[in-house]
Amino acid sequence: MTERRLATDAEAKALASALRLRILRICVRKPRTNKEIAAILGRDPASVLHHTRTLVRTGFLEAQEERRGARGAREIPYLATRKSWHLEAPALDRSMLDAFLEELALVPATEAEGTRMALRLPPPQMEEFRTRLKDLLEEFAARPDDPAAPAWSLFMVVHSDPNRP
């Protein structure tokens, strides 16, 4: 299992934005320019640039070798460093959920699969459950990408159930 360290204040602040989390997802496997990121997000490149620079400054994105665009313009592609996978946030904030919901809204309902369950386990069994889930996620995260395969997204949260005290 990957050891995670506590995020610094600057790192936590950089990740406290649904838009920045989506930018990281866009750049996780393929370097993208600010213009490409903005087009995918349907946003203005100038407003996206601020977020891109914040992610670069905090080490979540890394500038790649400069290239020339179609009209000879200077373009800098950015690639996610996967640094966020190794951080533990002080508390789960809404930005991760908001990013997930924004992305889910773009997917046809027939292409989304979901489940929800309730558990009542003693603490040692709950710890085993969490450990096994983390280990499974780590195992699949470590597998190499198949560029020919479709891309998938997963969002998972384990929380105490306020409806069943």
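## Burial of helix α2

In α2, the buried residues (under 20% relative accessible area, with exposed meaning over 50% and partly exposed in between, for a 1.4 Å probe and protein chains only) are A18, L19, R20, L21, R22, I23, L24 and I26. Eight of the nine residues of α2 are thus buried, and the helix is mostly covered. Helices here are DSSP runs of H or I with at least four residues, strands are runs of E with at least two, and both are numbered from the N terminus.

R20 belongs to this helix and counts as buried because its relative accessibility is 10%. Contact means heavy atoms within 4.5 Å; outside the four places on either side in sequence, R20 is in contact with K13, A14, H50, H51, T54 and L55.

## Model and overall layout

The structure is a predicted model, in which local features need pLDDT of at least 70 and side-chain atom pairs count only at pLDDT 80 or more, while totals for chains, interfaces and linings use all residues. Residues are numbered from 1 along each chain as its sequence is written, and side-chain values use heavy atoms, with hydrogens and water left out.

The chain holds six helices and seven strands, in the order β-α-α-β-α-α-β-β-β-β-β-α-α along the sequence. Its C-alpha trace spans about 60 × 40 × 30 Å along the principal axes. Of the 165 residues in the chain, 23% are buried. Among contacts with a separation of 6 or more, 64% join residues 24 or more positions apart.

## Packing of α2 on α3

Helix α2 (residues 18-26) packs against helix α3 (residues 34-41) at an angle of about 115 degrees, with the axes 11 Å apart. That angle makes α2 roughly perpendicular to α3. Axes are lines fitted to C-alpha atoms, for helices over the stretch in contact, and angles run from 0 to 180 degrees between N-to-C directions. Angles under 35 degrees count as roughly parallel, over 145 as roughly antiparallel, 65 to 115 as roughly perpendicular and the rest as oblique.

The crossing of α2 and α3 is right-handed; a crossing has this hand if the near helix is turned clockwise from the far one by less than a right angle, and is left-handed if anticlockwise. On the α2 side the contact involves L19, R22, I23 and I26, and on the α3 side I37, I40 and L41. These residues comprise six nonpolar, no polar and one charged. In this classification Ala, Val, Leu, Ile, Met, Phe, Trp, Tyr, Cys and Pro are nonpolar, Asp, Glu, Lys and Arg are charged, and the others, Gly among them, are polar.

## Packing of α3 on α4

The axes of α3 and α4 cross at roughly 110 degrees and come within 9 Å. This makes α3 roughly perpendicular to α4, and the crossing is right-handed. N34, I37, A38 and L41 of α3 meet P45, V48, L49 and T52 of α4. The contact of α3 with α4 contains six nonpolar, two polar and no charged residues.

## Nonpolar core

A nonpolar core is a set of buried Ala, Val, Leu, Ile, Met, Phe, Trp, Tyr and Cys residues joined through side-chain atoms within 4.5 Å. The largest one has 21 residues, of which I23, L24, C27, I37, L41, F60 and L61 touch the most other members. At least two residues come from each of α1 (9-15), α2, α3, α4 (45-57) and β6 (77-80). The largest share, six residues, comes from α2.

Beyond its neighbours within four places in sequence, I37 is in contact with I23, I26, C27, R32, V48 and T52.

## Packing of α2 on α5

Helix α5 (residues 94-104) crosses α2 at roughly 60 degrees, and the two axes come within 8 Å. The two helices are therefore oblique to each other, in a right-handed crossing. A18, L21, R22 and R25 of α2 make the contact with S95, M96, D98, A99, E102 and E103 of α5. By class, the contact of α2 with α5 has four nonpolar, one polar and five charged residues.

S153 lies in the segment after α6 (123-141) and is partly exposed, at 42% relative accessibility. Leaving out residues up to four places away in sequence, S153 touches R25 and E103. The C-alpha atoms of S153 and E103 are 9.1 Å apart, although 50 residues separate them along the chain.

R82 sits in the loop between β6 and β7 (87-88) and is partly exposed, with a relative accessible area of 37%. Its phi is near 70 degrees, a positive value in a residue other than glycine. Most residues other than glycine have a negative phi.
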